[in-house]
Amino acid sequence: MPETSKAGAHGVVRCPFCGALSPADLSVGTPTCGECSRPVLIDRPMPVSASDLDRIIRESGVPVLVDFYADWCGPCRMMAPVLDEVAHAFKGRAQVLKLDTDRFPEPSAALGIRGIPTLIAFASGREVGRQVGAVPRAALEELLQQAITAA
């Protein structure tokens, strides 16, 4: 089960209003966008582009769990509510991202992804674990715990 969030946990968030990427203190209840000052909800998976993904993985001070998915994929759709739960449970201690492999195929190719959904955990800018296919919440929590330990 996740612990409470650490003070000063930093990450990079995408503003759903203006689209800007900005650094954020994830330990606060709801960080604000560095550009437009509107709230950025961090208790749910954040959709990202290929360039967002690279920057967030590189600059995040907390582990990052990325769901590589496609809208047409049945198992990917089954994983969506599980990812919502995990993002909520790990709020402030990890970032949960979603990358649409149809819109942004380059990261999938670079990471050797052959099937979706593929969930990869990163810590300190490097991959620390991956799961392929639909998995239960406990498997994702274990993957994130590995990333937290590795960080």
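A charge is said to sit over a ring if NZ of Lys or CZ of Arg is within 6 Å of the ring centre and within 35 degrees of the ring normal. The structure is a predicted model, in which local features need pLDDT of at least 70 and side-chain atom pairs count only at pLDDT 80 or more, whereas totals for chains, interfaces and linings use all residues. Residues are numbered from 1 along each chain as its sequence is written, and side-chain values use heavy atoms, with hydrogens and water left out.

**Exercise 1. Charges over rings**

Task: find which residues lie over the faces of Tyr69 and Phe17.

Solution: Begin with Tyr69, whose face has Lys98 over it at 4.2 Å from the ring centre. Then turn to Phe17, where Arg38 lies over the face at 3.7 Å from the ring centre.

**Exercise 2. The largest pocket**

Task: describe the lining of the largest pocket by residue, by helix and by class.

Solution: On a 1 Å grid over the protein atoms alone, a pocket is an open set of points with protein on both sides within 12 Å along at least five of seven lines, a cavity is a set where a 1.4 Å probe fits but cannot get out, and lining residues have an atom within 4 Å of a point. Grid points are joined across faces, edges and corners, and a volume is the space filled by probe spheres set on the points; for the largest pocket this is about 160 Å³.

Next, list the lining, which consists of Ala50, Leu53, Asp54, Ile57, Arg58, Pro107, Ala110, Leu111, Phe122 and Gly125. Helices (H or I, at least four residues) and strands (E, at least two) are DSSP runs, numbered from the N terminus. On that basis α1 (50–59) and α3 (105–110) each supply at least two of the lining residues, and the largest share, five residues, comes from α1.

Finally, sort by class, with Ala, Val, Leu, Ile, Met, Phe, Trp, Tyr, Cys and Pro as nonpolar, Asp, Glu, Lys and Arg as charged, and the others, Gly among them, as polar. The pocket lining then divides into seven nonpolar, one polar and two charged residues.

**Exercise 3. The two sides of α1**

Task: decide which residues of α1 are buried and which exposed residues lie on the face turned away from them.

Solution: Take buried as under 20% relative accessible area, exposed as over 50% and partly exposed as in between (1.4 Å probe, protein chains only). The buried residues of α1 are Asp52, Leu53, Ile56 and Ile57. They lie on the same side of α1 because they cover an arc of only 120 degrees around the axis, the arc being that of the directions from the helix axis to the C-beta atoms. The face turned away from this buried side carries the exposed residues Ser51 and Arg58.

**Exercise 4. The cavity**

Task: characterise the largest cavity by volume and lining.

Solution: A search of the whole structure finds one cavity of 30 Å³ or more, and the largest cavity has a volume of about 80 Å³. Its lining includes Val13, Leu26, Arg44, Met46 and Gly92, while strand β5 (residues 95–100) gives the largest share, three residues. By class, the cavity lining has eight nonpolar, two polar and one charged residues.

**Exercise 5. Backbone details**

Task: locate the cis peptide bond and describe the backbone at Ser37.

Solution: The cis peptide bond joins Ile116 and Pro117, with omega about -5 degrees, and Pro117 lies in the loop between α3 and β6 (118–123). Ser37, which is not a glycine, has a positive phi near 65 degrees; Ser37 is found in the loop between β2 (21–25) and β3 (46–47) and counts as exposed at 53% relative accessibility.
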